[in-house]
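Colleague: I would like to learn how to read a sheet and its surroundings in a model. Please take one feature at a time.

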Amino acid sequence: MKTDTFFMRKAIALAEKGVGFVKSNPLVGCVIVKNGRIIAEGYHACYGGDHAEIVALKKVGPQAKGATIYLTLEPCCHTGKTGPCSSALIASGVSRVVVAMQDPNPLVNGRGIEELQRAGIKVDAGLLKEEATVQNEVFVKYILTKLPFVLLKVAVSLDGKLATSCGDSRWITNEEARIHAHYLRRRYDAVLVGIGTVLADNPRLSCRFPEKPHDPLRVVVDSRLNIPSGAAVLSDKNVVIATTAFCNQRKLKQLQDKGYTVIICGKKRLVDLGQLLQWLGSHGVAGVMVEGGTAIHTAFLKEQLADKIAVFVAPLLLGGDKSFVGNLEIKRVADAIPLTPLQFQRFGDNILLEAYLPHRAKEKKQKIKKAIKCQRPVHGSYS
């Protein structure tokens, strides 16, 4: 029904308000409708807080009896940080629940819908399922694998360059595109760069949205610990530095003594990115936004560790060799990495291309290897 679609789109828009606040929890929106009129709305606003349907039900109380509820995600049926939402919906007396997507959480996964149906509530599931699933793609991967969803984000010239031959990269994209890039950053628990980016650009890697309660965890891949003591990413302790056993031991001790989190990933001379993602997932990091540079992007692509790519393209020609991806050892065009489906968005004269990367090898859930050694727990909410 057209009216159902209208109200579900409203619920999806409400869910978006939780971006940057719910951490490893899903984005969920709720609309309560009675006699064709919206009587209450709600969304999951913060990690550990009331779920969307509970927020909405509290606003109307007994008026919910006989109403229809539109939910972007199947109601939970277990007790976690909050009680089961399925029980609250049954107690409210609602007559119909429209659900966009089933909850992939193994603790739910259809059981919430079944509870509502056993209680005599009519349930219609699957309306705008694709939109709701894309909105929660970070949550879906994390809840099923305990590994972070990985986005590769780059800003390039039309000929695919990150910078000029002299290393100048400010600013390739326009202000409108850069603002949207910060919005993307807000969707992820962590932002990751290589030491080359730190040395070349000295980025802060903060999220420039005042309404966001905290900046994403900053992750630096630095195999030898060449990071300068005055680097902007070390402005506070909300940072993880991934290195190897071949790192500068004196620098390692200095960073430890100052209270920074340093983890040893792998026994080779380069950081094992797979182990790093496992460690991040075990510490509650559901999504990682990788911002460069060339070596890091290339490694994530070659090791098939990335899920999605977002490329901001500016109408400039820079030439040179500062490409955002290096040698992938692809010999034939037929072996190129296909990107599907493609989505485009314009920001003035800049274009954002977003696409998903294929997982050619079956993703494996591995235990965190003993080679990963953490000198201290991650600060803040990532404990």
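Colleague: In what order do the strands of the open sheet lie?

Modeller: Strands of a sheet pair through backbone hydrogen bonds, in a parallel or an antiparallel way. In this predicted model, the order is β2-β1-β3-β4-β5, with 5 strands and mixed pairing.

Colleague: How many bridges join β4 to β5, and do they run parallel or antiparallel?

Modeller: Strand β4 (residues 96–101) and β5 run parallel and are joined by 4 bridges. As for positions across this pair, V98 stands opposite D124 in β5.

Colleague: Which strands does helix α1 lie across?

Modeller: Helix α1 (residues 2–15) lies across β1, β2, β3 (68–73) and β4. Its direction is at about 145° to β1.

Colleague: Now a single residue. Is V31 buried or exposed?

Modeller: Buried means under 20% relative accessible area. V31 counts as buried because its relative accessibility is 0%. This residue is found in strand β1 (residues 29–34).

Colleague: Which residues does V31 touch, leaving out those up to four places away in sequence?

Modeller: V31 touches F7, K10, A11, L14, I38, A40, E41, T68, I69 and Y70.

Colleague: What separates the C-alpha atoms of V31 and L71?

Modeller: Along the chain, V31 and L71 are 40 residues apart, while their C-alpha atoms are separated by 6.8 Å.

Methods
Residues are numbered from 1 along each chain as its sequence is written. This is a predicted model: local features need pLDDT of at least 70, side-chain atom pairs count only at pLDDT 80 or more; totals for chains, interfaces and linings use all residues. Side-chain values use heavy atoms; hydrogens and water are left out. Helices (H or I, at least four residues) and strands (E, at least two) are DSSP runs, numbered from the N terminus. Buried means under 20% relative accessible area, exposed over 50%, partly exposed in between (1.4 Å probe, protein chains only). Contact means heavy atoms within 4.5 Å. Two strands pair if DSSP finds at least two bridges between them. Axes are lines fitted to C-alpha atoms, for helices over the stretch in contact, and angles run from 0 to 180 degrees between N-to-C directions.
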